[in-house]
Amino acid sequence: RPDLGDDHKKQLAALLDNLGRPERMKMIETYLNKTPDATTEGLPAVLLSMTPATVPALCNLLGNLEAPTHQAIVAEALETLAKDQPDHVLRGLSDRRPRYVKNLLAILLKWNNPRFADAVERLVRYPDIQVRKEVVRAIGIFRPSGNGIKLIAFLNDTEESIRFSALKLLMTGQYTAPYSAWSPLVSADIFMDRILGEKRAVFQAMRITSRDEIIPYFESLISERSWTNRKKKEELAALAAETLGKLPTPAALTALELGQKKGGAATVRQACAAALAQAQRQQHLKQAAS
């Protein structure tokens, strides 16, 4: 507004500063929550005219608004005003209101700065399922490669879909993890009760992230002669053979050869023989192609 004089500009700036005060924000919050269909055409411009000093009040407003359309307006303002001072957004991640935390995660994802990954990873045990799903997705964006230990932590989640989301990332080939990170999961009795598809996915993710480091564990499954949970343990051993066949490094093939001769059960020995034959066929095809 080039037609405004300096005095008017100062008055306008003071008005916007006053709007950012907590008591003014509370008035906005009360009105919007009482009037879900309120006209908000000018609200985005007003919020964006505020200074970064209003970020704490805007975070509080975002957490208290009930209508998603109103939350979106405030989140958009925070995306701009809090970008250079994200501390209040990061602190808000510990809030117990899932809706608020999801809005904050959406802001962080739009900023797409890997330095926020540590704060997001702390939500691995957040009570709300949808928040944990967003956390897995955020980790995949903030840390698209590297150490996969934080993703392995999600494989203990009570929600199956979250476990599979984490497994999908671990199976991309972009992450590494030592066998010691997998051991508590696959050594627990509860792991045997997971569905076949999930156990297969876990073993494949172990193969991709840990390579030959997993071989001693798979060898122990193949050679075990168990009188308890026999059927489930034989199923695990067969999956171990299948996984070794897809590795297939010299050490993996040696383990399969041993399992073919000395496996703990006939079904396991057959699985080792089948995996070994498949691996050898693949090697012959690669040699022929080259």
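How many of the 10 residues of helix α4 are buried? The count is 7 of the 10, so α4 (residues 55-64) is largely enclosed by the rest of the structure. Here, buried means under 20% relative accessible area, exposed means over 50%, and partly exposed is in between, with a 1.4 Å probe and protein chains only. Helices are DSSP runs (H or I, at least four residues), as strands are (E, at least two), and they are numbered from the N terminus.

A quick word on the model itself. It is a predicted one, in which local features need pLDDT of at least 70 and side-chain atom pairs count only at pLDDT 80 or more, while totals for chains, interfaces and linings use all residues. Residues are numbered from 1 along each chain as its sequence is written, and side-chain values use heavy atoms, with hydrogens and water left out.

Back to α4. Its buried residues are V55, A57, L58, C59, L61, L62 and G63. They pack against α2 (22-34), α3 (43-48), α5 (68-81), α6 (87-91) and α7 (98-111), where contact means heavy atoms within 4.5 Å. For C59, the relative accessibility is 3%, so this residue counts as buried. Another cysteine, C272, has 0% relative accessibility and therefore counts as buried too. As for disulfides (a pair of cysteine sulfur atoms within 2.5 Å), the count comes to 0.

Next come the aromatic rings. A pair of aromatic rings is described by the distance of the centres and the angle of the planes. Rings of Phe, Tyr and Trp (its six-membered ring) pair if their centres lie within 6.5 Å; planes under 30 degrees apart count as stacked, over 60 as edge-to-face and the rest as tilted. By this rule there are 6 aromatic pairs. In one of them, the rings of Y217 and F218 have centres 5.5 Å apart and planes at 45 degrees, so the pair is tilted. Y217 counts as buried because its relative accessibility is 10%, and F218 counts as buried because its value is 0%. Ring pairs also link these two residues with Y179, F191 and F203 into a cluster.

What about charges? Side chains of opposite charge can pair when their charged atoms come close. A salt bridge is a side-chain nitrogen of Lys or Arg within 4 Å of a carboxyl oxygen of Asp or Glu, and the count comes to 17. Among them is the bridge between D95 and R97, at 2.9 Å from N to O; R97 is partly exposed, at 31% relative accessibility. K233 and E224 form another, with their closest N and O atoms 3.4 Å apart. Both ends are partly exposed, K233 at 23% and E224 at 35%. In the bridge between E242 and K246, the closest N and O atoms are 3.8 Å apart. E242 is partly exposed at 23%, and K246 is partly exposed at 44%. Salt bridges also link D118, E121, R143 and K150 in a network.

Finally, two loop residues have a positive phi without being glycine. N112, in the loop between α7 and α8 (117-121), has a phi near 50 degrees and is partly exposed at 44% relative accessibility. R211 sits in the loop between α13 (196-210) and α14 (215-223). Its phi is near 55 degrees, and R211 is partly exposed, with a relative accessible area of 40%.
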